[in-house]
Amino acid sequence: MAQAAAAPKKKVEGVPEKLHVWPYLVRLEFLCALVVIIALTVWSIVIDAPLEEAANPTKTPNPSKAPWYFLGLQDILVYFDPWFAGVVAPVLIIVGLMLIPYLDVNPKGNGYYTYHERKVAIWVYCFGFLVLWIALIIMGVFLRGPGWNLFMPWQYWDPHKVVALVSVDLPYSFGFRDYTWSAIFGGGVLLAYFGIGTGVYFFMERKALKSVGFLRMFLKIQLALIMMGIVIKIVLRIGFNVKYIMVTPWISI
Amino acid sequence: MANKAPQIPGIAEFIHKIKSGEIFTEIAKEITESQLWTSTFRHGYADTPRNRVLQIASNVWLHLHPVKMHRHALRIKFTWCMGGITFLLFLSTVVTGVILMFYYRPVGEYAYYDMKYLQYDVPFGMLMRNMHRWAAHAMVITVWLHMFRVFLTGSYKPPREFNWVIGVFLVTFTLLLSFTGYLLPWDQLAMWAVTVGTNMARATPFLGNEGPFAEYVGVTPRYDARSLLIGGSLVGPPALLRFYVLHCIFIPLIAGALMIVHFWRIRKDGGISGPL
């Protein structure tokens, strides 16, 4: 009875039927392997792997690009310092991914496709994967030219393209001219962002606090705020020419 | 004509056997009942339920599978086949990679010319190199798609949380395998892509010489997180050797061990997830 109650609404098959792995699965795997190997062989016959001139430490190509699968991270370097874009962000991505099963306690949608039973989870993952990872990679591969400037596909990659450096730090545009006060102002803005974000989330989900647990909810909202914060920073930089939100002699964000 | 030629019963019978096709049954019987055959194949091939079970259970390569499975787990619309394809592509890179290792020396003076040699003089050298590189790139894509599918089907939910964590490690190691291999052609593309990538290690908080709080730790360009990775302050021959060892030995061993755990846990966690 308990099992029947926990059973999902959407059933893929009426009655689960057990089949022999040999031949039903093994033949499928065999066919799949055959198709992949043929495709790989044809691809390898038709297109050669690139080999440029010999490595030369005195000749830096412009642009210098990381392997394509890291170009999303390289693109974030425009908006963040290397310690964040190159070190902290990848660590957060890996740790955040590992935490998914421990933070998402929604029992629904286990083992079948559903959007309606877990809308938020699907949206967050699709946004992170398709926009922040894949779209930035596509942009990095095709649209980033010399000086890591943005070029449309029909534009000539002009190495002498002049781009005005008009970005200013947020504290500066608010009139803070000395280090101490701009650090306090920037730190305050960040604290407010995380504090208010966390507070609002806990208030809205206060009923879930008991069942989900404080630590789980806290980590969940921090990771979500960091992910949203990256998007906010990109928007601030492109739309409002904001360079850093907080500036200190050690770290700037 | 009273003299009849003496009958040799053996020959007549033999010809009859060939004509009737009986001989093939006998040869087959002779072979399949030999010690050599019965010691190699533990069961018959006839399509009986017993043999279907033994086909999986008595085969070291196939016994990772369960003997029986739910029908839904066969649907490509559900699984996308991406995990299996990722593993197949990994095996392809292992085979082609070992072949490439016969011709390639990870030494600053030789590496690039070994690449040229491989491409222009070694029979099928170019094909092996192409297959290795494209399989590696394809593997990065398929492993992401596998992860995407597992997320969309909620397959990381209990009892499979731990296997998802192993999977995240495997995604990371797939990228690191590809990244360390990227340097080995020792051309401009390789050197500068890896320079851009490893420059990030320089910015590691506390441990990179340009990272925040580095001055309190006292790291220098020669002794920090980046120099540990590339064996110097520039991407040079020591980096080539380090990346070669990481690429050919260190990461494949760790990734292989994690793959064993990953596949084993699929079985232990109840097989491919499904709506049960």
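**Close-up views of a predicted two-chain model**

**View 1. Kink in helix H4 of chain A.** Helix H4 (residues 82-103) of chain A has a kink of about 35° at Val88(A), shortly before the proline Pro90(A); the bend is the angle between axes fitted to the seven residues ending at a residue and the seven starting there. Helices (H or I, at least four residues) and strands (E, at least two) are DSSP runs, numbered from the N terminus. This is a predicted model, in which local features need pLDDT of at least 70, side-chain atom pairs count only at pLDDT 80 or more, and totals for chains, interfaces and linings use all residues. Residues are numbered from 1 along each chain as its sequence is written, with chains lettered from A and ligands numbered from 1 in the order in which they are written.

**View 2. Buried residues of H4(A).** Among them are Trp83(A), Phe84(A), Leu97(A) and Ile100(A); buried means 20 or more other C-beta atoms within 10 Å of the residue's own, with C-beta atoms placed from the backbone. Their cover includes helix H3 (71-76) of chain A and H9 of chain B.

**View 3. Strand pairing between the chains.** Strand E1 (residues 18-20) of chain A pairs with E1(B) in the antiparallel sense over 3 bridges; pairing requires at least two DSSP bridges between two strands. Opposite Leu19(A) stands Met69(B) in E1(B).

**View 4. The contact between chains A and B.** Chain B contributes 71 residues and chain A 65 residues, contact meaning C-beta atoms, placed from the backbone, within 7 Å. On the side of chain B that touches chain A, H8(B) gives the most, with 12 residues.

Notes. Two residues are in contact if their C-beta atoms, placed from the backbone, lie within 7 Å. A residue is buried if 20 or more other C-beta atoms lie within 10 Å of its own, exposed if 12 or fewer, and partly exposed in between; C-beta atoms are placed from the backbone.
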